[in-house]
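Subject: Structure handover

Hello,

Please find the model below. My notes on it follow, with the cut-offs given where each term comes up.

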Amino acid sequence: MLILSRRVGESITIGNDVVVKVVALSGNQIRLGITAPREVRVLREESFHALREENRAAAGAPDSNRRLEDVGKQLRSKTPERSDDE
Amino acid sequence: MTNSDQRSVAIAAESELVGLLGKEIFFPTGLLGFPSCQRFNFNRFNPGDGSASPFFVLESADQEVSFPLIHPDFVPRDYPLEISPEVMSSLDVHNDADLVAMLIVTVRDRPEDITVNLQGPLIINPSALIGIQLVVEEYPVRYPLLVPAVQ
């Protein structure tokens, strides 16, 4: 792992078009400002992991068709929460 | 991750999804964990017995991967969504036409354990057929789809 020291207001660049700037420091918290092209997804690491794992779980659910059939019947017996005249 | 330009979006009602059925939707950044899956076919989930189902299926045209989906109206809670101008522009939105929001369903053994992913909704521009998995960190990744029965 590359380790760099930066002061508040200073930045690092990653590749050609990603810039990470240290915006503020308070106790053990650091605020970072990130500039990146829109096709580069910037996420907190824990969100990235949680969403990736959840997508994998959703794609790999065993026997999901039969279970979806059963639950679908329960859900269809009630109408969606939202009505059109809101 | 604050952005003052966020704007609330009107989400198309479930009945408006008909126009998307059978269409191929392009997800330029893929889905999280599936970066190489960019093209997906959107269809209704068809139960074997021919009954109507509230579920839809997003099936990758690139790999053998599919995701069960449901419209947010079936989730028993308020679910306002705000979308940044950057996301609007990546979805190629030029007017105020409604966007489509769909939630990925994680099927588990017991029906009451089935959850929807409120943190990573799929937002689709139905006229451009472009989609993105939005990340809304204030919502949970696993939210129960079924309301517990009242005792």
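Three strands of chain A form an open sheet in the order S1-S2-S3, with antiparallel pairing. Strands here are DSSP runs (E, at least two residues) and helices are DSSP runs too (H or I, at least four), numbered from the N terminus; two strands pair if DSSP finds at least two bridges between them. The edge strands, each pairing on one side only, are S1 (11–14) and S3 (29–35) of chain A. On average, neighbouring strands of the sheet are turned by 25 degrees against each other, direction ignored. (Axes are lines fitted to C-alpha atoms, for helices over the stretch in contact, and angles run from 0 to 180 degrees between N-to-C directions.) Strand S2 (residues 18–26) of chain A runs antiparallel to S3(A) and is joined to it by seven bridges. One bridge pairs A:Leu25 with A:Ile30 in S3(A).

This is a predicted model: local features need pLDDT of at least 70 and side-chain atom pairs count only at pLDDT 80 or more, while totals for chains, interfaces and linings use all residues. Residues are numbered from 1 along each chain as its sequence is written, and chains are lettered from A and ligands numbered from 1 in the order in which they are written.

Chain A has two helices and three strands, in the sequence pattern β-β-β-α-α.

Between the chains, 31 residues of chain A are in contact with 41 residues of chain B; contact is when C-beta atoms, placed from the backbone, lie within 7 Å. Helix H1 (45–59) and helix H2 (64–76) of chain A are the elements that give two or more residues to chain A's side. By class, that side has 12 nonpolar, five polar and 14 charged residues. Nonpolar means Ala, Val, Leu, Ile, Met, Phe, Trp, Tyr, Cys and Pro; charged means Asp, Glu, Lys and Arg; the others, Gly among them, are polar.

The largest nonpolar core has 45 residues, and B:Leu69 and B:Leu103 are among those that touch the most other members. Such a core is a set of buried Ala, Val, Leu, Ile, Met, Phe, Trp, Tyr and Cys residues joined through C-beta atoms within 7 Å. H1 and H2 of chain A are among the elements that each supply at least two residues of this core, and S7(B) gives the largest share, six residues.

Regards

How values were computed. Contact = placed C-beta atoms within 7 Å. Buried ≥ 20, exposed ≤ 12 C-beta atoms within 10 Å, placed from the backbone.
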